[in-house]
Amino acid sequence: MTTESTATVGKPPVVDGQTWRAALDDLRRREKAVTRELDAIAAARRRLPMVEMDDYTLIGANGPIRLVDVFDGRAQLIVYNHMWNDGAEWQCGGCTSFTSQFTRLDFLDNYDARFVIVTNGPIDEALAYREKVGNQMDWYSSADSSFGADVDAAPNEGFGVNVFLRDGETVYRTWHTNGRGVEQLSYTFGLKDILPWGRQEEWLDSPEGWPSRPTYSGWLDSPDVARLYGNGG
């Protein structure tokens, strides 16, 4: 939406500075309550039990690789399970847009962790797609194992995030989320949500006159990501 069009849509009311500060303070109390609740949830997450995983073999750029070796010597592993349709020109736009955010992951080295992508698709297609859209993370395929299905990301069923802990040669699953639970890992939603008009999606609770459009229509789709970041961009 261009600046010239703002006159035709709703805008917040204009008030004096004292009134604005009082309204902001009221909202800030709610924001702080959410922050404290997120801290409590994180504390509960650190106390979750875990479940031992089988000795899965995935496929990487250099061939078969055990799940325990995907850790690359680290103790902790975040896996994004990317939706996949074999042979498709473009894969899930949401997955492609989400993973394109993560271009600087070296900070995880200080936490004995790494972040990778696993898909149920053939590894040759997966690696070609990675280059096509300019993805920065290492990709692995679970096409020859039940890994995807066993971590709630079966073929043709969806996406998710799984976290694992390695103790020697044994791998444990510690946490999982999918759907909107994945939003907490994305900075894009947070930035859009602090804008006066928010995400501008039709399902939102917004004041009358706020710009609104179909859900997902403002997201970068896979061709957009490839154009901006891929090897042909």
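Is Phe-102 buried or exposed, and what is its relative accessible area?

Modeller: Keep in mind that this is a predicted model. Phe-102 has a relative accessible area of 14%. Buried means under 20%, so Phe-102 is buried. Phe-98 is buried too, at 7%.

The rings of Phe-98 and Phe-102 form a pair. Their centres are 5.2 Å apart and their planes meet at 70°. Edge-to-face needs an angle over 60 degrees, so this pair qualifies. Both rings belong to a cluster linked by ring pairs.

The whole structure has 11 aromatic pairs. One of them joins Trp-84 and Tyr-129, edge-to-face, with 5.8 Å between centres and 90° between planes. Trp-84 sits in the loop between β4 (76–82) and α3 (93–99), while Tyr-129 sits in helix α4 (residues 123–133). The pair therefore ties together parts that are 45 residues apart in sequence. Trp-84 and Tyr-129 are both buried. Another ring, that of Trp-90, has a charge over it: the charged end of Lys-132 lies 3.9 Å from the ring centre.

Next, the charged pairs. There are 13 salt bridges in the structure. In one of them, Asp-109 meets Arg-74 at 3.0 Å, N to O. Asp-109 is in the loop between α3 and β5, and Arg-74 is in the loop between α2 and β4, so this bridge ties together parts 35 residues apart in sequence. Asp-109 is partly exposed at 43% relative accessibility, whereas Arg-74 is buried at 18%.

A further bridge joins Asp-138 to Arg-114, with the closest N and O atoms 2.5 Å apart. It links distant parts of the chain: Asp-138 is in the loop between α4 and β6 (139–141), and Arg-114 is in strand β5, 24 residues away. Asp-138 is partly exposed, at 37%. Arg-114 is buried, at 13%.

Glu-183 and Arg-180 also form a salt bridge, at 2.9 Å, N to O. Here Glu-183 is buried at 17%, and Arg-180 is exposed at 52%. Both belong to a network of salt bridges that includes Asp-193 and Arg-199.

Last, the backbone. Most residues other than glycine have a negative phi. Asp-112 has a positive phi, near 55°. Asp-112 lies in the loop between α3 and β5 (113–119) and is partly exposed, at 37%. Asp-72 also has a positive phi, near 55°. Its place is the loop between α2 (67–70) and β4.

Key
Residues numbered from 1 in each chain as written. Predicted model: local features only at pLDDT ≥ 70, side-chain atom pairs only at ≥ 80, totals over all residues. Heavy atoms only, no water. Phe/Tyr/Trp six-rings, centres within 6.5 Å; stacked < 30°, edge-to-face > 60°. Helix = DSSP H or I, 4+ residues; strand = E, 2+ residues; numbered from the N terminus. Buried < 20%, exposed > 50% of the residue type's maximum accessible area, 1.4 Å probe, protein only. Lys NZ or Arg CZ within 6 Å of the ring centre and 35° of its normal. Salt bridge = Lys/Arg side-chain N within 4 Å of Asp/Glu carboxyl O.
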